[in-house]
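Subject: Structure for your files

Dear colleague,

Please find the structure below. My notes on it follow.

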Amino acid sequence: MLYGLVHAAAEAEQRNPLIPEWYDIVGSFICFVIILFFFWKLVLPRMKKLLDERAEAIEGNIAKADEAQHKAEALLEEYTAQLADARAEAAKIREQARTDGQKIVAEAKDNATVEAARVTSNAQAQIEAERQSAVVALRSEVGSLAIDLASGVIGEALNDDKKSQAIVDRFLADLDASEKAGSNK
């Protein structure tokens with residue numbers, strides 16, 4: 001037995017411990033082929049299918065994002081155009097309002113001028129009518145006072161209304177003439 005042990009030890013010394021036995025290499029190769037076949041037929045197709053689906057989903061999302069970006073750009077251009085139109089319309093409306101305001105102010109001034117002229121002419125007409133009324137009242141009052149005075153000075157009664165009225169009218173006409181002559185100077 002000792003010989004067997006020594007022979008085994010000698011034989012073990014001749015072999016490289018890093019090189020496996022042939023049966024280990026064949027067994028490992030068979031396991032490798034089975035695992036390779038399993039991965040080749042089952043795992044790789046599923047992995048490829050999963051990666052293809054993911055790539056299609058990513059490409060679809062990219063296409064959707066591009067489409068959404070194009071839509072957003074189109075909406076932005078439309079919004080910008082609408083905003084420019086709205087600004088132009090607002091400027092037009094402001095200018096129209098300014099023009100209308102100027103027209104309204106001019107009309108109001110014209111109406112106020114016309115109304116002021118009408119009120120002034122009515123007031124002047126009323127003043128003239130009141131002045132005429134006052135002149136008539138004063139003439140009759142002055143006439144009756146003058147007749148009373150003249151009666152007192154003369155000592156007789158001046159009962160003749162036509163004659164006394166003519167004297168009063170002549171006196172007032174002389175007063176008017178002297179007043180006009182004084183205002184012309």
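**What was found**

Glu56 has a relative accessibility of 56% and therefore counts as exposed, the cut-off for that class being over 50%. Please keep in mind that this is a predicted model. Glu56 belongs to helix 2, which covers residues 22-154. Together with Asp52, Glu53 and Glu59, Glu56 forms a negative surface patch.

**Overall make-up**

The secondary structure consists of 3 helices and 0 strands. Read from the N terminus, the order of the elements is α-α-α. The protein has 185 residues, and buried ones account for 3% of them; a residue is called buried when its relative accessible area is under 20%.

**Aromatic pairs**

How many aromatic pairs does the structure hold? There are 2. One joins Trp22 and Tyr23: the ring centres are 6.1 Å apart and the planes stand at 80°, so this pair is edge-to-face. The other is made by Phe38 and Phe39, and because their planes also stand at 80°, with the centres 6.0 Å apart, the pair is edge-to-face. The angle needed for that label is over 60 degrees.

As for the accessibility of these residues, Trp22 counts as exposed because its relative accessibility is 63%. Phe38 has a relative accessible area of 43% and is therefore partly exposed. Phe39, at 40% relative accessibility, is likewise put down as partly exposed. Values between 20% and 50% give that class.

**Nonpolar patch**

Which residues make the nonpolar surface patch of about 1000 Å²? They are Phe29, Phe32, Val33, Ile35, Leu36, Phe38, Phe39, Trp40, Leu42 and Leu44. Phe38 lies in helix 2. Why is Phe38 classed as partly exposed? The reason is its relative accessibility of 43%, since partly exposed residues fall between the buried limit of 20% and the exposed limit of 50%.

**In short**

Regards

Methods
Residues numbered from 1 in each chain as written. Predicted model: local features only at pLDDT ≥ 70, side-chain atom pairs only at ≥ 80, totals over all residues. Heavy atoms only, no water. Patch = residues over 30% accessible without salt bridge, like charges linked within 9 Å, V, L, I, M, F, W, Y side chains within 5 Å. Areas by Shrake-Rupley, 256 points an atom, 1.4 Å probe, with all protein chains shown as cover. Salt bridge = Lys/Arg side-chain N within 4 Å of Asp/Glu carboxyl O. Lys, Arg positive; Asp, Glu negative; His and termini not counted. Charge placed at Lys NZ, Arg CZ, Asp CG, Glu CD. Helix = DSSP H or I, 4+ residues; strand = E, 2+ residues; numbered from the N terminus. Buried < 20%, exposed > 50% of the residue type's maximum accessible area, 1.4 Å probe, protein only. Phe/Tyr/Trp six-rings, centres within 6.5 Å; stacked < 30°, edge-to-face > 60°.
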